[in-house]
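Subject: Structure for your files

Hello,

Please find the structure below. My notes on what was found in it follow directly after.

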Amino acid sequence: MTEAVTVTRDGDIAIVTLDNPPVNALSLHLRKPLHEALMALRDDEAVRGLVLACAGRTFVSGADITEFGTPKALERPSLPDLIAALESFSKPTVAAIHGTALGGGLELAMGCHFRVADAGARFGLPEVKLGLLPGAGGTQRLPRLIGPMQALTLIVSGNPIGSGDALAAGLVEAVHDEALLANAVAFARAKADKGAALVPVSRREDKLAEAKNDLGGFDAAVAALLKKKRGLDAPARCAQSVRNGLVMPFEEALATERQYFVELVQGEQSRAQRHLFFAEREAAKVDGVGKDVAPRAVKRVGVIGAGTMGGGIAMSFLNGGVPVTILEVNREALDRGIATIAKNYDISVKRGSLTEGARDKRLGLLTGTTDYADLAECDLIIEAVFEEMAIKKEVFAKIEAVARPGTVLASNTSYLDIDEIAASTGRPQDVVGLHFFSPANIMRLLEIVRGGKTAPDVLATALSLARRIGKVPVVVGVCHGFVGNRMLAARSAELEDLLLEGAAPQQVDKVFTDFGWPMGPFAMGDLAGLDIGWRNRKALGKTAAIADALCEQGRFGQKTGKGFYVYEAGSRTPTPDTEVDTLITEKAGERGIERRDIAGDEITERTLYPMINEGAKILQEGIAARASDIDIVWVNGYGFPIGKGGPMYWAESEGLAKIVERLEFWHARTGKEVFKPAALLKEAAASGISLAALRKGKAA
Ligand code: T1G
């Protein structure tokens with residue numbers, strides 16, 4: 001075990017180097033020796049300045065999240081103790097930052113008088129993503145360095161900024177392309193030689209002045225930022241703590257920040273969001289695909305189909321800097337697809353979320369063709385054509401005819417059997433499912449569908465490519481709908497009957513939005529287009545009384561201005577429509593159904609509980625290796641509220657025994673399969689062992 005803290009000298013400048021792999025988190029075994037070193041160096045007269053640096057790939061990435069909820073987190077010296085020690089120095093202290101200075105790592109660096117960064121460094125306070133707020137002075141010191149408004153945005157979003165933005169904002173004093181440590185030492189020495197007055201960040205007030213005089217403007221900015229954070233406690237606390245710094249003395253605002261932190265870290269939402277943090281990393285650990293399995297090199301990707309999905313998938317790769325050859329059946333379809341991609345980028349440029357340079361760079365990576373032969377140079381080819389097995393097989397035959405040996409052959413199918421597709425080729429080991437979620441360039445989830453013969457290095461390639469383009473990968477097994485869509489079908493199974501029996505679309509949707517979903521199933525159907533489900537049902541010989549009737553009237557949802565709701569011209573806001581209520585009443589009457597008032601709990605029990613039940617069946621069958629993988633699918637693919645940790649995590653807090661009891665009630669009452677409790681769910685409920693523990697990491 002290397003020393004967590006080493007002190008070396010460059011003349012009269014002391015260099016304190018932290019080394020706590022893999023990301024230099026501020027674990028207790030690091031905090032203790034660091035505090036001792038700082039106190040010794042502070043009083044050492046031979047030392048005229050101090051540089052705080054890190055070994056390994058990154059500067060401090062924050063507090064050690066694994067310590068939260070354990071005595072170690074509370075054991076001193078705490079992170080605030082370390083920062084206080086730094087601020088007690090009467091000689092210049094300089095943080096030398098490479099990699100990512102995040103959370104407590106950035107807070108530690110702000111305890112120094114100065115910060116010097118490597119050009120590739122990134123800076124952020126991502127605590128809000130863990131259901132927390134920066135609890136070691138971040139909400140007080142960052143505003144003093146970059147101003148309250150910029151600090152507010154960075155803290156409430158939790159997103160990092162690069163070294164250029166950090167320099168421009170005043171977060172760092174210098175940025176270097178190389179020789180970071182030597183430059184940091186020279187910076188410290190120059191400050192020591194100059195003998196300039198050293199003002200700790202906590203004593204700097206000038207950047208607060210403007211906001212102090214315009215609290216109304218600040219509050220308006222807060223309101224705008226919190227709009228998208230509905231139902232979450234941490235963002236509001238982050239904003240309140242920054243505001244406290246404008247109206248309270250520093251020490252009082254700091255103490256209040258600590259109080260907010262203690263409240264949040266003990267709260268259910270932070271526990272759920274910390275669960276998701278580790279779950280996302282667990283999901284990338286796949287049976288038989290260890291670090292020894294090297295991914296295949298992917299220099300260019302072929303995308304077949306330039307429609308909504310194909311275009312979005314192409315953009316996902318372009319956004320990650322991966323060159324794309326996109327193919328369509330004819331020039332007109334190809335030009336339309338490429339024009340849509342360009343238009344989407346133009347919209348981002350207009351919104352200010354993309355520079356013109358970045359747009360041009362991404363479009364410069366895109367090549368279009370109508371000739372399969374042009375795909376020969378691609379290392380991975382993914383098809384996003386019509387969801388029809390015969391068509392998929394036809395396309396795979398064409399791909400196989402041109403693809404080099406070793407090229408990965410992927411399908412974006414949402415439901416279909418990857419093994420059947422693979423068996424139609426002569427190279428099933430190269431075939432994998434890459435299920436993107438619409439809009440593919442926005443949604444972070446990527447279901448990697450592992451066929452029976454998919455080679456381990458093909459999975460490694462898919463996992464590595466997912467990370468490269470900023471997607472969250474989850475490896476799933478082959479079944480109809482894999483993990484997400486299979487559970488979505490279970491969640492949707494009762495929707496029609498709930499309407500026929502007495503619920504209104506807006507009532508059902510409100511139960512969902514009150515739960516924390518971005519929208520309810522009927523509004524979602526209107527957004528996606530009711531005609532898609534209608535076409536799928538017809539292909540499967542299935543019917544849905546109300547949705548079919550709406551489609552027969554041409555009410556496809558937002559795209560036609562009417563669906564389950566009506567939409568004023570140009571508006572996306574759903575308005576309940578009495579015509580729909582009349583239609584539902586008519587359909588119920590035709591079926592002799594006596595309509596009744598339906599309580600919210602019943603709606604939850606007949607939608608979310610079958611979804612949990614299907615998740616347990618998926619675990620039982622090994623389609624998902626872990627319960628937490630299912631949580632990652634739903635949070636990143638369908639907007640399951642992060643403050644509830646994902647469906648399987650939420651089910652444990654809801655109580656498995658209660659869920660099983662209610663499923664058995666509805667199963668007895670209706671006889672429907674969707675309510676028949678899964679054996680694994682009953683086992684977990686009866687034994688008190690969590691689903692996570694019962695199925696931890698066991699693949700099929
Ligand atoms: N604590 C403990 N373990 C951590 C960790 C952390 N802060 N960050 C990462 N790990 C583990 C991770 O679980 C994985 O473990 C391994 O390190 C590599 O991580 C007081 C309270 C730094 C950008 O939220 O964003 O400070 O799976 O796979 O892709 O105000 O890790 O190998 O066993 O993600 O290169 C705030 C969280 C904490 C940063 C590197 N800080 N980390 O990404 O590697 S709260 C964060 C990250 C706080 C203060 C508050 C990323 C990374 P394993 P990885 P990566």
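Residues 603–688 are 71% helix and 0% strand, with the end C-alpha atoms 26 Å apart. Here helices (H or I, at least four residues) and strands (E, at least two) are DSSP runs, numbered from the N terminus. In UniProt, an unreviewed entry lists residues 603–688 together with 481–567 under "domain: 3-hydroxyacyl-CoA dehydrogenase C-terminal"; UniProt positions are given in the numbering used here, feature names are shortened, and annotations may be inferred rather than shown by experiment. The span 481–567 is 62% helix and 2% strand, and its end C-alpha atoms lie 31 Å apart.

This is a predicted model, in which local features need pLDDT of at least 70 and side-chain atom pairs count only at pLDDT 80 or more, while totals for chains, interfaces and linings use all residues. Residues are numbered from 1 along each chain as its sequence is written, and side-chain values use heavy atoms, with hydrogens and water left out.

Helix pair

Helix H22 (residues 505–515) packs with helix H27 (residues 600–620) at an angle of about 80°, the axes being 10 Å apart. Axes are lines fitted to C-alpha atoms, for helices over the stretch in contact, and angles run from 0 to 180 degrees between N-to-C directions. H22 and H27 are therefore roughly perpendicular to each other (under 35 degrees counts as roughly parallel, over 145 as roughly antiparallel, 65 to 115 as roughly perpendicular, the rest as oblique). On the H22 side the contact (heavy atoms within 4.5 Å) uses Gln507, Val508, Val511, Phe512 and Phe515, and on the H27 side Gly600, Ile603, Thr604, Thr607 and Leu608. By class, this contact has six nonpolar, four polar and no charged residues (Ala, Val, Leu, Ile, Met, Phe, Trp, Tyr, Cys and Pro count as nonpolar, Asp, Glu, Lys and Arg as charged, the others, Gly among them, as polar).

Domains and sheet

The protein chain is divided into domain 1 (5–265), domain 2 (301–479) and domain 3 (503–590), with bounds from an automatic or database domain assignment. The centres of domain 1 and domain 2, over C-alpha atoms, are 41 Å apart.

Six strands form an open sheet with mixed pairing, in the order S1-S2-S3-S4-S6-S9; two strands pair if DSSP finds at least two bridges between them. S1 (5–10) and S9 (174–176) are the edge strands, each pairing on one side only. S1 runs antiparallel to S2 (residues 13–18), joined by six bridges, and Thr6 has Thr17 in S2 as its bridge partner. Helix H1 (residues 28–42) lies across S1, S2 and S3 (49–54), at about 30° to S1.

Regards
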